[in-house]
Amino acid sequence: MDFFANIETGLQVAVSPEALLFCFIGVTVGTFVGVLPGIGAIAAISMSLPLTFYLDPTIGLIMLAGIFYGAQYGSSTAAILMNIPGTATAAVSCLDGYPMAKQGRAGVALLTTTITSFIGGSFAILLLMAFAPLLASFALEFGSVEYFAIMTLGLIAASSIGIGSPLKGFAMVLLGLTLGLAGTDVTSGVQRFTLGFFRLHDGISLVALAMGIFGIAEILASIKQQQQVSALKGVSFRSMIPTRDDVRRCMWPTLRGTMIGSAVGILPGSGPSIATFMSYAVEKRMAKEPERFGHGAIEGLASPEASNNAAVQAAFIPTLSLGIPGDAVMAILLGAMLMHGIAPGPQFIGNNPDMFWGLIISFWIGNLMLLVLNIPLIGIWVKMLAIPYRILYPSMLFFICVGVFSVNNSMFDVYVAIIFGIIGYFMIVLKYPAAPLLLGFILGPLIETHFSRAMLIGRGDYMVFVESPIGALFLGIAALLVIMSLFRAVVPRRREHRA
Amino acid sequence: MARVNVIEIGGALALAALGAFFVWKGLDYPLGSLRRLGPGALPVAMGVAMIGCGGVLMLVNATVDDEDPPAISMRVVASVTAALLAWTLLVPLFGFVVGTIVMVLISRLAHGPVKLLEPLTLAIVLSMAGYLIFVYGLRIPLRPIIW
């Protein structure tokens with residue numbers, strides 16, 4: 001059957017020594033980065049982008065993806081052991097994971113995390129294998145109207161489903177969109193927002209923006225907050241074995257988490273962060289004894305972790321099949337693919353079957369590597385956490401500077417990164433979310449193209465969006481999300497006070 | 001006990017100001033018609049929307065009840081920015097060893113009192129690592145030392 005032929009293609013690519021090596025490097029770097037507070041997956045991926053230019057594009061993507069899901073594993077470790085989430089998604093793992101560690105059950109928590117993450121990720125990979133080609137063939141029928149509708153839905157989802165003020169999220173989308181328009185306009189050849197800078201003729205560098213907003217800004221925000229970590233006792237193998245009760249309690253939550261994660265991950269515009277919080281909330285709702293949550297309830301750890309990894313893998317579906325990123329990290333991976341000259345979209349799977357199936361098989365391999373690696377290496381990660389921040393952050397600043405410079409051999413880009421670092425810092429302080437900005441930035445030129453083309457087709461009539469059933473559907477969902485956000489803002493938030 | 005939330009209002013104002021900037025610059029270009037959008041259309045539209053968002057945010061977040069104001073450390077921002085700017089200026093002039101040393105030293109000001117030995121060692125280690133990975137490995141045109 002075609003399916004098995006595809007798997008074979010994928011295996012050939014993913015099992016090559018080079019692919020295995022870089023997959024391993026990716027997941028290890030990812031775990032390392034996830035464990036360390038202050039650098040997130042995004043900064044790590046942006047920093048590794050220049051390195052991937054020297055690699056075969058498939059291998060480069062394998063490594064970058066490995067960093068992504070590796071970081072999820074790593075950040076849970078830090079969250080459980082130290083109550084310090086390495087990434088936003090791990091914040092939920094702190095809630096019940098850290099209490100478990102305090103109760104002496106750190107080993108069980110870590111093992112649970114590793115296994116449920118693996119289950120969640122595996123299921124989503126299956127979904128990816130089944131769905132993405134289907135979606136891609138379906139999407140070949142899409143025209144500008146449909147693309148505009150999906151992208152709009154993605155941007156609205158990114159701003160409204162996330163945590164925090166939807167209005168601020170939306171404002172950031174707008175800002176990102178406009179920044180994305182800077183540079184030479186493809187249609188008219190006009191220079192927009194270049195302020196006389198020759199270097200801006202090609203637009204603002206994605207790496208400079210990403211490293212500034214996610215790298216430099218995070219460092220600026222973290223310097224004052226880093227406290228010295230107290231020495232931790234090691235975690236022994238025996239302490240990891242869960243009791244039968246634990247296993248029984250985890251089964252349904254893991255399943256629910258996987259489902260929620262996959263569903264949320266598939267939606268363009270929403271990703272792991274949202275999935276994790278949602279599954280925690282759902283788990284707490286469905287629990288027979290909700291008071292246990294926040295005090296070491298293993299369900300509160302299992303479900304979000306499964307959901308997390310499922311969403312990470314599922315987010316690849318819209319990215320690879322439609323070319324629409326579901327998350328800030330996906331946006332950067334998309335940017336990476338564009339830089340390599342690969343155009344993601346419905347034709348991507350058809351034109352590059354090796355890359356697509358190779359990536360997917362490498363996801364399996366990566367997840368397996370993580371499963372095997374994490375258990376013995378936990379001791380090392382723990383020691384890693386003891387590196388004082390005052391040594392870490394100048395190092396990170398150095399790598400950011402050289403990394404940004406190396407993309408275009410341009411010091412100008414480093415200036416851009418510095419400026420966005422300052423802007424990003426104030427965004428963090430004022431609670432304006434950064435991910436919608438990045439998504440808007442990447443989708444900006446695309447949305448403009450599709451909108452103007454749609455208007456051209458529809459002869460300036462807005463009805464053209466309603467006439468297409470798919471376009472109307474997506475725009476309808478987007479409108480629904482907007483209404484829900486307005487509702488949420490007006491109705492007093494009783495739920496948040498219950499925790 | 002409501003208090004005027006200066007920081008939030010400042011943020012919203014900045015947002016609106018950016019929006020105004022986009023409108024101003026966007027009007028430099030032809031707007032076109034709905035049927036054939038010109039290069040100025042979307043920037044102006046986005047700018048107007050941003051001004052609107054800024055306005056609403058200003059109204060909604062104008063007051064705050066008894067919350068701790070967000071901690072802004074200008075010292076951190078200033079020292080890290082100065083450190084990074086020093087790097088960008090010194091590297092083309094003196095090579096990245098000097099640039100990195102200065103950057104590490106200045107950026108440490110953000111964290112607390114600076115002792116000389118530790119950051120110096122770190123800077124030299126970083127320069128060596130950077131040289132190996134980027135200059136030797138990836139052939140980035142960055143010179144370690146320029147006399």
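# Reading the labels in a predicted model

A nonpolar surface patch of about 490 Å² is formed by Leu51(A), Tyr131(B), Leu132(B), Ile133(B) and Tyr136(B). The model is predicted.

User: What makes Ile133(B) partly exposed?

Analyst: Its relative accessible area is 37%. Buried means under 20%, and exposed means over 50%. The value for Ile133(B) is 37%, so Ile133(B) is partly exposed.

User: Which helix gives the largest share of the nonpolar patch?

Analyst: Helix H5 of chain B, residues 117-137, gives 4 residues. Ile133(B) lies in helix H5.

User: Why is Ser144(A) called buried?

Analyst: Its relative accessibility is 7%. The cut-off for buried is under 20%. The value of 7% is under that cut-off, so Ser144(A) counts as buried.

User: Where is Ser144(A) found?

Analyst: Ser144(A) is in helix H7 of chain A, which covers residues 144-160.

User: What makes the pair Ser144(A) and His450(A) a polar contact?

Analyst: The distance between the two side chains is 3.1 Å. The limit for N or O atoms is 3.5 Å, with one atom able to donate a hydrogen and the other to accept it. The pair is within that limit, so it counts as a polar contact.

User: Which residues does Ser144(A) contact, leaving aside its neighbours within four places in sequence?

Analyst: They are His450(A), Arg453(A) and Ala454(A).

User: What is the pLDDT picture for chain A?

Analyst: The mean is 80. In chain A, 90% of residues reach 70 or more. Over residues 227-231, though, pLDDT stays under 50. That stretch has 4 contacts beyond four places in sequence. Residues 493-499 of chain A are also below 50, with 4 contacts beyond near neighbours in sequence. Where pLDDT is low, predicted coordinates should not be read in detail.

User: How many helices and strands does chain B have, and in what pattern?

Analyst: Chain B has 5 helices and 2 strands. Along the sequence, the pattern is β-α-α-β-α-α-α.

Technical notes:
Residues are numbered from 1 along each chain as its sequence is written. Chains are lettered from A and ligands numbered from 1 in the order in which they are written. Side-chain values use heavy atoms; hydrogens and water are left out. Buried means under 20% relative accessible area, exposed over 50%, partly exposed in between (1.4 Å probe, protein chains only). Contact means heavy atoms within 4.5 Å. pLDDT is the predictor's confidence in each residue, from 0 to 100. Patches are made of residues with over 30% relative accessible area and no salt bridge: like charges are joined within 9 Å, nonpolar side chains (Val, Leu, Ile, Met, Phe, Trp, Tyr) within 5 Å. Accessible areas come from the Shrake-Rupley method with a 1.4 Å probe; for residues, only the protein chains shown count as cover. A salt bridge is a side-chain nitrogen of Lys or Arg within 4 Å of a carboxyl oxygen of Asp or Glu.
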